[in-house]
Amino acid sequence: MNTAPNQQQEQQKQPKQPRDPAVWPTLQAHDAIALIDFLVDTVGFLRTAVYQDEDRVAHAQLDWPEGGGIMLGSYDPATKSWCLEPGTFGAYVVTEHVDALYERLTAAGVRVLRPIEDQPYGSREFAIADPEGNKWSFGTYRGEPRPAE
């Protein structure tokens with residue numbers, strides 16, 4: 001495994017910030033490089049790390065600018081202990097900029113699964129499919145407050 005030399009050098013120069021413990025949704029893709037480009041260039045994720053062996057992505061970390069992130073890699077059915085069929089992933093992504101994101105994604109011709117609308121529980125949200133068929137819902141719902149201890 002290696003990274004592109006310029007990306008590796010950039011990562012080494014940037015100060016490291018410790019992360020809080022988190023849940024990292026994971027997915028695999030037939031064309032992980034194209035999916036990463038779609039999620040970064042079209043949707044707005046940040047390309048934090050991508051480790052490649054030629055055209056195969058061994059591991060990628062994409063951060064959502066408003067918090068959280070995902071991990072993904074190239075589909076490898078030989079890894080039966082942890083193999084996720086491309087197109088079977090779904091995620092809800094919280095954003096305060098739901099209307100602007102919807103406008104940008106529809107202008108880019110992204111396949112909309114559910115148009116933007118206000119929900120009875122107070123969220124404003126919409127859903128799309130990425131080029132691999134994974135489902136992404138974006139909205140303002142941040143979840144219910146945790147109970148007091």
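Three helices and eight strands form the secondary structure of this predicted protein model, where helices (H or I, at least four residues) and strands (E, at least two) are DSSP runs numbered from the N terminus. Along the sequence, the pattern reads α-β-α-β-β-β-β-α-β-β-β.

A word on conventions: residues are numbered from 1 along each chain as its sequence is written. Because the model is predicted, local features need pLDDT of at least 70 and side-chain atom pairs count only at pLDDT 80 or more, while totals for chains, interfaces and linings use all residues, and side-chain values use heavy atoms, with hydrogens and water left out.

Let's turn to strand 8. Four of the five residues in strand 8 (residues 135-139) are buried, so the rest of the structure largely encloses it. Buried here means under 20% relative accessible area (1.4 Å probe, protein chains only). Its pairings are listed below; two strands pair if DSSP finds at least two bridges between them.

| Partner of strand 8 | Sense | Bridges | Residues opposite each other |
|---|---|---|---|
| Strand 7 (residues 124-129) | antiparallel | five bridges | Phe126 and Phe138 |

Strand 7 and strand 8 also make a hairpin with five residues between the strands, and there Gly133 adopts a positive phi near 100 degrees.

Now for the protein as a whole. Of its 149 residues, 35% are buried. Among contacts (heavy atoms within 4.5 Å) with a separation of 6 or more, 56% involve residues 24 or more positions apart. The accessible surface comes to about 9400 Å², and carbon and sulfur atoms hold 51% of it, as computed by the Shrake-Rupley method with a 1.4 Å probe.

Note on methods. Buried < 20%, exposed > 50% of the residue type's maximum accessible area, 1.4 Å probe, protein only.
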